[in-house]
Amino acid sequence: VAVVDTLGAGDVLHGVLAAWLAAAAGPDRRDAEMLAQALAAAARVATASCALPGTRAWLAAPIERPGPG
């Protein structure tokens with residue numbers, strides 16, 4: 001990714017991570033593997049958010065928005 005603007009990338013990372021953890025099917029699903037998947041997804045989305053200027057411009061861009069599954 002060609003980095004254009006990192007403003008808000010940390011917020012995006014934390015938001016995606018929180019969404020994954022909230023969507024987990026209970027404490028038994030909150031293991032190291034699920035955490036690794038959640039962190040990887042959060043990093044992908046946060047990285048993609050750096051490709052466009054501004055804190056909201058990336059929301060309209062066609063990027064992967066992974067969720068737990």
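Colleague: Let's say buried means under 20% relative accessible area, exposed over 50% and partly exposed in between, with a 1.4 Å probe and protein chains only. Where does that put alanine 24, buried or exposed?

Modeller: Alanine 24 counts as buried, because its relative accessibility is 11%. A caveat on the source: this is a predicted model, where local features need pLDDT of at least 70, side-chain atom pairs count only at pLDDT 80 or more, and totals for chains, interfaces and linings use all residues. Residues are numbered from 1 along each chain as its sequence is written, and side-chain values use heavy atoms, leaving out hydrogens and water.

Colleague: Where does alanine 24 lie?

Modeller: In the loop between H1 and H2. Its C-alpha is 8.3 Å from that of methionine 34, ten residues apart along the chain. The C-alpha of alanine 38, 14 residues apart from alanine 24, is at 9.8 Å.

Colleague: How many helices and strands does the protein chain have?

Modeller: Two helices and zero strands. Both kinds are DSSP runs, numbered from the N terminus: helices are H or I with at least four residues, strands are E with at least two.

Colleague: At what angle do the axes of H1 and H2 cross?

Modeller: Roughly 145 degrees, and the axes come within 8 Å. H1 covers residues 9-23 and H2 covers residues 32-49. The axes are lines fitted to C-alpha atoms, for helices over the stretch in contact, with angles running from 0 to 180 degrees between N-to-C directions.

Colleague: Which residues in H1 meet H2?

Modeller: Ala9, Val12, Leu13, Val16, Leu17, Trp20 and Leu21. Their partners in H2 include Met34, Leu35, Gln37 and Ser49. The residues of this contact divide into 16 nonpolar, two polar and no charged. Nonpolar covers Ala, Val, Leu, Ile, Met, Phe, Trp, Tyr, Cys and Pro; charged covers Asp, Glu, Lys and Arg; the others, Gly among them, are polar. Contact means heavy atoms within 4.5 Å.

Colleague: And which residues make up the largest nonpolar core?

Modeller: Eleven residues: Val12, Val16, Leu17, Trp20, Ala24, Met34, Ala38, Ala41, Ala42, Val45 and Ala46. Such a core is a set of buried Ala, Val, Leu, Ile, Met, Phe, Trp, Tyr and Cys residues joined through side-chain atoms within 4.5 Å. H1 and H2 are the elements that give two or more residues to it. The largest share, six residues, comes from H2.

Colleague: What about methionine 34, buried or exposed?

Modeller: Buried, because its relative accessible area is 4%. Methionine 34 lies in helix H2.

Colleague: Which residues does valine 16 touch?

Modeller: Ala41, Ala42 and Val45, not counting residues up to four places away in sequence. Alanine 43 is 27 residues from valine 16 in sequence and 8.6 Å from it, C-alpha to C-alpha.

Colleague: Why does alanine 43 count as partly exposed?

Modeller: Because its relative accessibility is 32%. Alanine 43 also has its place in helix H2.

Colleague: New topic. Which residues does proline 53 touch?

Modeller: Val4 and Asp5, leaving aside residues up to four places away in sequence. Proline 53 lies in the segment after H2. Its C-alpha is 8.2 Å from that of threonine 6, 47 residues apart in sequence.

Colleague: What percentage of the protein chain do buried residues make up?

Modeller: 29% of the 69 residues.
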